[in-house]
Amino acid sequence: MQADLNARYRSIAGIVLSAISLPFFLAAIFWRSGAVEANVFLAIGGLIFLGWGLLKLLRTPVRAFIRSCGNELPEIGRSYLEGKVLTYHKGKVRGGISIGGDYTVIWQGNRITAVRNSRITDVKKHVKQTKYYGNGVYTGAATAHILVIDFNDAAGSGHRCSVQLHEFQVEMACEALHVFRAEASFSTQIQNDTVV
């Protein structure tokens with residue numbers, strides 16, 4: 001589970017910045033300019049790019065999520081690996097859900113949540129349609145299909161998490177989670193005054 005989530009949160013920018021540091025280090029080692037300051041400057045530049053790249057690669061929500069799982073981590077990992085995984089990627093929106101036998105793991109943006117299926121209280125599909133206007137003229141609309149899961153934690157307090165998926169994926173997730181809770185409800189929100 002941890003390797004899969006790390007792969008999903010891998011930063012292309014982090015890989016590129018780490019790769020950019022390599023020419024700086026090679027130039028600092030092999031280039032004989034006669035001035036030690038130039039080689040030191042190149043080595044420092046390489047360290048800056050490497051540090052920046054590693055920061056982007058290591059600063060993901062996966063480590064915090066793994067720590068928050070505590071003693072339930074092996075059970076959550078087993079459920080994740082045996083579960084049905086649905087992922088979504090469009091532009092800057094990335095998300096997904098793994099529906100396992102005991103746990104459901106949801107990731108959207110910088111948030112990863114594990115929910116025990118027996119604690120799910122409600123499952124909803126939410127359709128958000130945004131209409132765009134430019135200079136007072138309708139220019140189009142965008143529709144987002146969002147799966148919303150309400151659940152109780154161990155202490156009994158209610159929480160909500162959501163993930164944006166394709167329309168068909170939201171239907172599949174509602175059907176898979178229907179086993180644990182009653183029928184899914186449907187809601188629509190139309191946002192009209194968005195200007196390009």
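Start by selecting Arg116 and Glu72. They form a salt bridge, with the closest N and O atoms 3.5 Å apart. Trace each end: Arg116 sits in strand E4 (residues 111–116), while Glu72 is in the loop between helix H4 (62–69) and H5. Keep in mind that the model on screen is predicted.

Arg116 is partly exposed, at 24% relative accessibility. Glu72 is partly exposed too, with a relative accessible area of 31%.

Glu75 counts as partly exposed, at 26% relative accessibility. Show the three residues together: Glu72, Glu75 and Arg116 are linked in a network of salt bridges.

Next, select Glu171 and Lys125. Their salt bridge has its closest N and O atoms 2.5 Å apart. Glu171 belongs to helix H6 (residues 167–177) and Lys125 to strand E5 (residues 120–134), so the pair ties together parts 46 residues apart in sequence. Glu171 counts as partly exposed at 30%. The whole structure holds six salt bridges.

Move on to the aromatic rings. The structure has four aromatic pairs. Select Tyr80 and Trp107. Their ring centres are 6.1 Å apart and their planes meet at 45°, so the pair is tilted. Tyr80 is in helix H5 (residues 73–82) and Trp107 is in strand E3 (residues 103–108), 27 residues apart. Tyr80 is buried, with a relative accessible area of 3%. Trp107 is buried as well, at 4%.

Then pick Tyr133 and Tyr138. This aromatic pair is edge-to-face, 5.7 Å centre to centre, with 65° between the planes. Tyr133 is partly exposed, with a relative accessible area of 26%. Tyr138 counts as partly exposed, at 46% relative accessibility.

For a group of rings, select Phe24, Phe49 and Trp52. These residues form one aromatic cluster. Leave Phe49 on screen for the next stop.

Is Ser18 buried or exposed? Ser18 counts as buried, because its relative accessibility is 17% and the cut-off for buried is under 20%. Look at its side chain: a polar atom there lies 2.9 Å from the backbone oxygen of Gly14. What does Ser18 touch beyond its neighbours within four places in sequence? Its contacts are Phe49, Leu50, Gly53, Leu54 and Leu57.

Select Ile12, Ile15, Val16 and Ile20. Together they make a nonpolar surface patch of about 330 Å². Zoom in on Val16, placed in helix H2 (residues 12–30). Val16 is partly exposed, with a relative accessible area of 42%.

Key
Residues are numbered from 1 along each chain as its sequence is written. This is a predicted model: local features need pLDDT of at least 70, side-chain atom pairs count only at pLDDT 80 or more; totals for chains, interfaces and linings use all residues. Side-chain values use heavy atoms; hydrogens and water are left out. Patches are made of residues with over 30% relative accessible area and no salt bridge: like charges are joined within 9 Å, nonpolar side chains (Val, Leu, Ile, Met, Phe, Trp, Tyr) within 5 Å. Accessible areas come from the Shrake-Rupley method with a 1.4 Å probe; for residues, only the protein chains shown count as cover. A salt bridge is a side-chain nitrogen of Lys or Arg within 4 Å of a carboxyl oxygen of Asp or Glu. Helices (H or I, at least four residues) and strands (E, at least two) are DSSP runs, numbered from the N terminus. Buried means under 20% relative accessible area, exposed over 50%, partly exposed in between (1.4 Å probe, protein chains only). A polar contact is a pair of N or O atoms within 3.5 Å; within protein, one must be able to donate a hydrogen and the other to accept it, and residues adjacent in sequence count only if both atoms are side-chain atoms. Contact means heavy atoms within 4.5 Å. Rings of Phe, Tyr and Trp (its six-membered ring) pair if their centres lie within 6.5 Å; planes under 30 degrees apart count as stacked, over 60 as edge-to-face and the rest as tilted.
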